[in-house]
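Subject: The structure we talked about

Hi there,

Here is the structure I promised to pass on. Have a look at it first, and then read on for my notes.

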Amino acid sequence: MTTIAFPTPIGRSHAAARTNRDPALVRWLLIALALVFLIGFLFLPLAVIFTQALSKGWAAYAAALTEPNAISAMRLTVLAAAVAVPLNLVFGIAAAWVIAKFEFPGKSLLITLIDLPFSVSPVVSGLIYVLLFGLQGWLGPWLHEHDIRLIFAVPGIVLATIFVTFPFVARELIPLMQAQGKEEEEAAIVLGASGWQTFWRVTLPNVKWGLLYGVILCNARAMGEFGAVSVVSGHIRGMTNTVPLHVEILYNEYNSTAAFAVASVLTLLALVTLAAKSILEWRIKLQTEKRP
Amino acid sequence: MLKRHSVLPGFSITLGFTLTYLSLIVLIPLSATFLKSATLGWDGFWAVVTAPRVLASYKLTFGAALTGATINAVFGLLVAWILVRYDFFGKKLVDALVDLPFALPTAVAGIALATIYSSKGWIGLFFAPLGIKIAHTPLGIVVALTFIGLPFVVRTVQPVLEAFDTELEEAAASLGANRSQTFRKVILPTLLPAILTGFALAFARAVGEYGSVIFIAGNIPMVSEITPLLIVTKLEQYDYAGATALAVSMLVVSFGLLLAINGLQRWTEMRRA
Amino acid sequence: MSIEIKNVEKSFGRFKALKNISLDIAGGELVALLGPSGCGKTTLLRIIAGLEAPDAGSILFHGEDATHRHVRDRQVGFVFQHYALFRHMTVFENVAFGLRVRPRRKRPPESVVRQKVHDLLNLVQLDWLAERYPDQLSGGQRQRIALARALAVEPQVLLLDEPFGALDAKVRKDLRRWLRRLHDELHVTSVFVTHDQEEALEVADRVVVLNEGRIEQIGAPHEVYDHPATPFVYQFLGDVNLFHGRVHDGHARIGETEVELAGGPDHPGSAVFYVRPHEIEILRDRGTGTIAAKISDIRPLGATVRIELERTDGRGLVEVELTRDRFANKGFLHGESVYLQPKRLRTFDHNSTLENTIGSGQFIAS
């Protein structure tokens, strides 16, 4: 084994060597074709959001964002994410710990079940809670008697948000922690560390970028979810409208400028998410590739 | 619970919490849905899921999802190819933006696509004189489903292409194969499992998609009404039984796709190993 | 501290990793667990550490039952095969870890921690690397840091899993001499696992040879090498030539040749004779008890020359090792017909069904 004095640069350094393999004409044709596709499906949709949002000037833009219904929608969206993300974070850590560090029967089934919410249509994700807690649902009558309202109310929105963002943290952490094995944790225990000390001082620092990555993706989806939340919300303005639902209402009322203004906030959030994601992917690559 | 002895603590508590949380949030609500549909009886269930309007929505949903996934298989491979193999200005930015459909809320994507593909929009403008309407037709649905499925093929093919040993290509070339033979006989077979996995992921996502579609679809029954929208419509008409039956039919399809995708991913990994 | 292992058994699913293992290790001893991969040596080491629990049997530390004592309370130092250094901590923090995670009342003050870590880093001669991260170190450096980290908690027992397994041949040799010297200095009871017989013979006070979950032999390096108890030990500890033959009336019959035996099994029957390559003489004249052969290959290997011969009776190949000098004196040529004279023939008694019995038939040809 040779001494690695400094971290080796990560990247596709060898890709440059391949660059000139295809004739220039083929190369530029393929790049042009791909870019035309991406312009039509990515760049123009992105650009139109901001041009439409500002089509009536900054004053109208600011007005659309500071209007009371918009503010209350933002508040609800932040609330839903503030509940869903920490819960799914704790779940993700627990699930990744038990799956990566222990052997038990049914493990691969458990991994599949954790991914389940990703394969369920957003509309169905909302519907299952309506069927459980709605007035026609299994627990609806009981809840009604006790005057507890979950569906067409804030708790339903939070529940639907938890469901659709359920796997995000877990699916980032599970492969990462599996790849890292359990030798470091065993070493910590042999050295006298308690379970908590091992977790906080050894496990967590080793997965912190992956964890953050999962949290950021989880948060983006929590704040942007539309279908599932739409089904359970009841669309009560100023009460049970999240930001994406507010966009829908404005758009359907032909108030397109305001719709795009509010949408632009969500778009900025998406762009920040992508930037953070790119940086984190690079850090995670460093963390998993450099095994001591 | 069977468990190998381990000095690491927390097995029971983390497994207990994982199973409880999974059951409360996912398993119990999903099973409740299946139970609810059972109250319809088989005949009632069958009548709902095979009604003409429902069948039309299946045809549209699966047809558009299949078309979108196919477009993505082709262009996703192309995008992955130029990102891995070529250098060009703005490559890093393009690479990062490929994930936009994952990060952008579907409702925002929906209104943006509806705007540029309408007959007065930036792109729709060029098609209107040809008599082609995109927004508010089934074509618009294909556009939306292509958008939301875009990252899947790119992101499954990209790592395989990066790991691809260029020695194989050089070997093929040294044996006298020309560029297109090398691509068809050496590169494409290696990438195939990844392309199929990406295709299946894009298709699965497209089948259930709702937010980005409803703004651009037109939502005319029998013509441009997708199945998830039909579920919402039934719900709004307080037809819970009907909505449940449709939801169950979609869940069955989703689970089938999930199994297929798991199989494909295993195949991809075997090929990479 | 002494360690007693009593009747330990361990299975993983259907696989029996350890079958009734008993072993005593004296305080201050350096013991090697030697065997091929899958023989159970690492499992035994992890059971001593408390990283695995035995299905049956017990572990005694200093005469006290420690079978159910948690690894945290066993006062063992463990060096993992891939070192398991904490990759997000500097070398200094890695070594200090065991001191810093102690309960508050037992935790030494910061100045003591610093002093102790630097002493340990000096001991392993790597004080200048204190601020580096594990991925900036070479394999040999990581290995020594892992050792310093294990020693920081002042273990009563030091356990090392394939300590040189992941290193280059050259670094490996240096490090094992260094480990031996370190042990002579510290005198802490140590057990290490290896699959390399040279390593075990060179470093350890005593070698425990394991095969398929059983102990084949326990003894000092020269004992297990010179007096292997079983065919397995004989073959595992070095190259070997096998001659199939029969024993009758105090003679061994190998092919067409009769070799007179000085002693050995009286009961006649077929036998397998084991001879090491350096225990065979090559003669130009047919003496007594020789086997005719033809030189098929000559290969100088550093200090010795390895000669491969084909038996004239067509019963296979024989390897002989000569010193350089001897080879130069004799001047053997490729293709030459010669006679082989085994200086020692060793056979093991197969009539006994007990696998761990010591072979009774060590005897020397006249």
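Predicted model: local features only at pLDDT ≥ 70, side-chain atom pairs only at ≥ 80, totals over all residues.

**Chain A by itself**

Chain A has 292 residues, and 55% of them count as buried. Its secondary structure consists of 14 helices and 0 strands. Among the contacts in chain A with a separation of 6 or more, 73% are between residues 24 or more positions apart.

**Where chain A meets chain B**

On this interface, 92 residues of chain A are in contact with 91 residues of chain B. Together the two chains bury about 8300 Å², and 78% of that area is on carbon and sulfur atoms. How many salt bridges does the rule find across the interface of chain A and chain B? It finds 1, and the side chains involved belong to Lys277(A) and Asp99(B), at 2.4 Å from N to O. There are also 9 residue pairs in polar contact across the interface of chain A and chain B, with both residues at pLDDT 80 or more.

Helix α2 of chain A, residues 24–53, provides the largest share of the side that touches chain B, with 21 residues. Sorted by class, that side of chain A has 62 nonpolar, 18 polar and 12 charged residues.

**Where chain A meets chain C**

Here the contact takes 28 residues from chain A and 33 residues from chain C. The buried area between chain A and chain C is about 2800 Å², with 57% of it on carbon and sulfur atoms. The count of salt bridges between chain A and chain C is 2. Glu186(A) forms a salt bridge with Arg46(C), and their closest N and O atoms are 2.7 Å apart. As for polar contacts, chain A and chain C have 6 residue pairs, again with both residues at pLDDT 80 or more.

Two helices of chain A, α10 (183–190) and α11 (195–224), each supply at least two residues of the side that touches chain C. Of the elements of chain A, α10(A) gives the most to that side, with 7 residues. By class, the residues on the side of chain A that touches chain C divide into 13 nonpolar, 9 polar and 6 charged.

**Ring pairs**

Over all chains, the search finds 31 aromatic pairs. One of them is Phe41(A) with Tyr117(B), a tilted pair with 6.3 Å centre to centre and 35° between the planes. This pair crosses between chains: Phe41(A) is in helix α2 of chain A, while Tyr117(B) is in the loop between α6 (106–116) and α7 (124–127) of chain B. Are these two residues buried or exposed? Both Phe41(A) and Tyr117(B) are buried. Ring pairs also link Phe37(A), Phe41(A), Phe75(B) and Tyr117(B) into a cluster.

**Salt bridges within chains**

The whole structure has 41 salt bridges over all chains. In chain B, Asp239(B) forms one with Lys234(B), the closest N and O atoms being 3.8 Å apart.

In chain C, Lys116(C) and Glu154(C) form a salt bridge, with the closest N and O atoms 2.4 Å apart. That pair links distant parts of the chain, 38 residues apart, from Lys116(C) in helix α3 (residues 110–123) to Glu154(C) in the loop between α4 (139–151) and β7 (157–161).

Another salt bridge in chain C joins the side chains of Arg177(C) and Glu202(C), at 3.0 Å from N to O. These two residues are 25 residues apart, Arg177(C) being in helix α5 (residues 169–186) and Glu202(C) in helix α6 (residues 197–203). Arg177(C) counts as partly exposed at 44% relative accessibility, and Glu202(C) counts as partly exposed at 31%. Salt bridges that share partners join Arg172(C), Arg176(C), Arg177(C), Asp196(C), Glu198(C), Glu199(C) and Glu202(C) into one network.

Happy browsing, and do write back with any questions!

Best wishes

Technical notes
Residues numbered from 1 in each chain as written. Chains lettered and ligands numbered in written order. Heavy atoms only, no water. Contact = heavy atoms within 4.5 Å. Buried area = accessible area lost by both parts, 1.4 Å probe. Salt bridge = Lys/Arg side-chain N within 4 Å of Asp/Glu carboxyl O. Polar contact = N/O pair within 3.5 Å; in protein donor to acceptor, adjacent residues only side chain to side chain. Helix = DSSP H or I, 4+ residues; strand = E, 2+ residues; numbered from the N terminus. Nonpolar A, V, L, I, M, F, W, Y, C, P; charged D, E, K, R; others polar. Phe/Tyr/Trp six-rings, centres within 6.5 Å; stacked < 30°, edge-to-face > 60°. Buried < 20%, exposed > 50% of the residue type's maximum accessible area, 1.4 Å probe, protein only.
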